[in-house]
Amino acid sequence: MLFEFDSDQRLWQKTIHEVLVKECPPALIRGIADEGADPAPLWRVYADLGWTELTEPSEAVELAIVLEELGWATDPTPYLATMTWFTPLAPGVADGGQTGSAVLDGVSARRDRDGWVLSGVARHVLDGDRADRLAVVTDAGVFAVPAADVRATRVDVFDPTLHIAEVSLPGVRVGDDARTGADPRAARDLALTGLALTIVGACRRVLELTLDHVRTREQFGAPIGSFQAVKHKAVDMHVALERARALAYFAALTIAADDPRRRLAASMAKAAAGECQSVVFRNGLQLFGAMGFTWENDLQFALKRAVAGELLLGGAAEHRALIAEEYRAAHV
Amino acid sequence: MQLTFDADVERFRAEFAAFLDANLPSEAETGERAYSSAHVPEWARRWQRLLFDSGWLLPGNPPEFGGRNASILEQYVHLEELDRRRIYHSFNPQGLGIIAASLLSFGSEEQKRRWAVPILRVEITAALGMSEPGAGSDLASLRTRAVLDGDHFVVNGQKIWTSGAHDADVLLTFVRTDPDAPKHKGISVLLIPTDTPGVTRRPFGSLIDRDDVDFNEVFFDDVRVPAENLVGALNNGWHVANGSLGHERTLLWLSFALRLEELARDFRPVDALDRDAYARLVMDAQALRLLGSAALARAARGEQDVAALSVLKLLGSEAVQKASEQAMESAGVAALEHPGMTAPYAHLNLEAFSAGWFERYARSFAGTIAGGTSEIQRTIVAERVLGLPRS
Ligand SMILES: Cc1cc2nc3c(=O)[nH]c(=O)nc-3n(C[C@H](O)[C@H](O)[C@H](O)COP(=O)(O)OP(=O)(O)OC[C@H]3O[C@@H](n4cnc5c(N)ncnc54)[C@H](O)[C@@H]3O)c2cc1C
């Protein structure tokens with residue numbers, strides 16, 4: 001195994017990063033959080049640059065690179081939901097400019113003479129309130145449903161630029177042609193990997209901000225980053241991040257190659273990202289002192305995105321239970 | 001990024017695997033055990049010699065030094081194949097991995113012929129004399145003195161922790177040759193045969209068992225060492241020290257990954273908490289391989305990234321420690337047994353088979369203490385990878 005970006009991938013990452021530094025600066029995030037600015041123009045930038053066309057599984061590593069950078073930038077658009085929740089469940093349904101998300105549980109499908117009737121309520125749906133289309137997972141298969149047919153209410157959450165909604169389907173009628181034929185089990189892997197990369201990107205941002213802070217903040221006549229207790233905390237953040245990042249890209253690579261380890265790899269990615277955010281949040285906020293404890297400090301955005309990612313689609317402990325089971329079933 | 005090696009590397013792997021299948025010592029031959037890291041049973045000497053003569057001992061070396069000029073990726077799959085069968089690379093690991101390697105990098109042609117080749121063919125064994133009672137993490141403060149007297153150095157002082165010294169024929173010894181120079185600039189390296197008059201070795205037990213005797217104190221009392229035994233230039237020992245340990249580091253992480261994978265095979269999780277720890281172990285093993293393979297790819301291009309290897313050592317050694325502690329806990333009272341049986345029977349690696357869980361846990365501290373402690377590694381990573389200011 002050779003686990004390194006090739007030169008095209010390195011260039012791709014650099015390109016994405018530069019676009020985000022310019023188009024998605026902290027001031028934009030703050031404008032959305034504090035003044036309710038609209039992130040839609042940013043979404044159109046992504047679409048114009050072709051980022052929304054990375055829908056083939058073989059492009060999973062390139063998509064992963066975008067997702068990590070978007071995590072770093074605390075992306076305020078529905079990109080993650082569209083590319084990793086909706087698309088794998090409804091391949092080919094949306095065109096480049098459209099947004100999507102998925103309703104993963106809580107909905108049942110009943111068949112009648114005219115087609116299907118979908119009913120139920122799903123809580124905590126990522127971008128459920130602003131996606132153009134929803135992929136609805138039921139026991140009878142996955143259905144693509146236009147947003148206009150469902151009722152969605154945004155829920156208040158601690159991450160100010162994250163959209164989480166309660167979605168209800170009060171007997172939505174759809175035809176057979178709405179069934180996408182996707183396998184939710186396979187789709188899950190990309191959704192988990194996407195969240196893992198988001199967390200990894202956010203953690204990378206927290207580490208960068210923390211390193212800048214400890215290099216410049218002085219106490220006792222010296223930069224606090226020269227104190228060994230501070231250094232060692234920063235290193236623990238770095239090691240956790242390296243580990244989580246490696247496992248996240250490994251998961252992307254197994255998806256691109258349709259490798260049989262993809263299910264295990266996706267859970268490992270999600271669990272490692274969760275463990276990473278735990279260390280990075282704890283040490284990052286601690287090393288910032290009271291300065292990190294303010295609304296004004298941009299550190300909050302990345303911190304919150306990292307924790308939010310941990311809370312979605314099963315936390316680290318839940319995935320570790322799965323890993324132990326999968327791994328022992330396969331190897332022991 | 002790719003999940004598999006290219007076909008030429010896999011061909012290399014297959015060739016070595018076929019060699020192993022055809023030549024591995026049988027169970028009947030391998031009865032005699034090793035007592036220390038420089039005691040090599042006769043059968044193991046024959047085996048290592050066969051590897052050397054066939055170019056399979058250190059495939060990255062040229063043929064005259066036991067190799068076949070293999071690439072770094074080929075060296076990697078070579079170690080994987082050894083481990084898959086739970087075969088030791090050598091029963092004199094410091095001799096092979098540090099001392100001979102240092103001689104091949106820094107020694108004269110004569111020293112390579114006279115010392116490195118015999119160490120690699122286990123005609124003799126070697127031990128590493130770096131640490132002293134007053135010089136552990138702060139190795140550069142070492143005080144063992146060597147004074148040039150005609151064509152000999154006269155050595156006085158003491159080493160400690162010298163693994164296997166009591167069974168070794170020669171010590172690679174770090175000595176102070178210029179007491180007035182800044183501490184990193186007055187160190188030199190000498191090959192000191194252990195039968196030289198004035199060398200006294202006092203082996204002592206480890207915490208694992210009174211009879212687990214590998215550590216030594218070594219005393220030097222007016223020991224006369226031929227000047228031709230100086231390795232590298234006079235007062236350039238710090239450079240040799242970094243190089244010696246550097247050799248070990250490129251693939252050191254792999255030994256932790258392999259140990260983690262062994263733990264994944266031997267650890268029997270009982271309850272949900274064990275399974276939780278087990279999952280972390282599986283993740284650590286996978287992450288270490290991923291990060292290690294990226295480091296290998298860099299090394300294959302000739303990029304030296306010593307500080308990034310510290311990340312791998314930290315991650316690997318601490319993961320092994322956590323996992324072996326958890327495996328011990330999960331074994332419950334059965335883990336009290338010493339020696340115990342915690343690994344599948346493997347006739348080329350009986351030590352692992354007969355190590356109880358406590359022993360496996362306790363031995364993991366060699367990983368976090370020797371070769372630069374975890375605390376020292378953290379400081380290195382903070383300063384050289386993260387760019388934090390020195391204190
Ligand atoms: C199994 C084993 C085999 C060994 N074999 C050999 C051998 O063959 N040859 C040989 O020469 N040596 C050998 N050693 C010795 C090894 O190299 C030393 O143990 C190591 O360098 C650490 O030194 P020390 O034990 O004196 O610990 P110390 O340096 O005294 O450290 C004790 C504690 O203090 C911490 N500490 C020290 N300095 C700092 C600092 N600046 N900042 C923060 N924390 C610090 C350390 O991290 C550690 O936790 C072996 C050791 C072991 C455990």
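These are my notebook entries on a predicted model with chains A and B and a ligand.

**Ground rules.** I number residues from 1 along each chain as its sequence is written, and I letter chains from A and number ligands from 1 in the order in which they are written.

**Entry 1: the interface.** I began where chain A touches chain B. I found 44 residues of chain A in contact with 44 residues of chain B (contact means heavy atoms within 4.5 Å). The two chains bury about 4,100 Å² between them. Buried area here is the accessible area, with a 1.4 Å probe, that two parts lose on being put together, summed over both. Carbon and sulfur atoms carry 69% of it.

I then looked up the charged pairs. There are 6 salt bridges between chain A and chain B (a side-chain nitrogen of Lys or Arg within 4 Å of a carboxyl oxygen of Asp or Glu). In one salt bridge, Arg320(A) meets Asp276(B) at 2.7 Å, N to O.

Polar contacts came next. I count 14 residue pairs across the interface, both residues at pLDDT 80 or more. The rule asks for a pair of N or O atoms within 3.5 Å; within protein, one must be able to donate a hydrogen and the other to accept it, and residues adjacent in sequence count only if both atoms are side-chain atoms.

Which elements of chain A give two or more residues to this side? They are helices H6 (184-216), H7 (228-256), H8 (262-288) and H10 (316-331). Helices (H or I, at least four residues) and strands (E, at least two) are DSSP runs, numbered from the N terminus. H7(A) gives the largest share, 16 residues. By class, the side of chain A divides into 25 nonpolar, 7 polar and 12 charged residues. Nonpolar covers Ala, Val, Leu, Ile, Met, Phe, Trp, Tyr, Cys and Pro; charged covers Asp, Glu, Lys and Arg; the others, Gly among them, are polar.

**Entry 2: the ligand.** I located the ligand between chains A and B. From chain A, a polar side-chain atom of Gln228(A) lies 3.0 Å from a ligand nitrogen. From chain B, Ser137(B) places a polar side-chain atom 2.6 Å from a ligand oxygen. The side chain of Ser163(B) has an N or O atom 2.8 Å from a ligand nitrogen.

**Entry 3: a salt bridge within chain A.** I count 53 salt bridges over all chains. I picked Glu326(A) with Arg263(A), closest N and O atoms 3.1 Å apart. Glu326(A) is in H10 and Arg263(A) in H8, so the pair ties together parts 63 residues apart in sequence.

**Entry 4: hairpins.** In chain A, S2 (107-112) and S3 (115-126) run antiparallel, joined by 6 bridges (strands pair if DSSP finds at least two bridges between them). Their hairpin has 2 residues between the strands. Arg110(A) stands opposite Val117(A).

In chain B, S2 (145-149) and S3 (152-160) pair in the antiparallel sense over 5 bridges. Val147(B) stands opposite Val154(B). This hairpin has 2 residues between the strands, and Gly150(B) takes a positive phi near 65°.

Entry 5: Most residues other than glycine have a negative phi, and most peptide bonds are trans. I noted His124(A), not a glycine, with a positive phi of about 55°. His124(A) sits in strand S3 of chain A. A cis peptide bond joins His338(B) and Pro339(B), with omega about -10°. Pro339(B) is in the loop between H8 (306-331) and H9 (350-354) of chain B.

Conventions. Predicted model: local features only at pLDDT ≥ 70, side-chain atom pairs only at ≥ 80, totals over all residues. Heavy atoms only, no water. Near = heavy atom within 4 Å.
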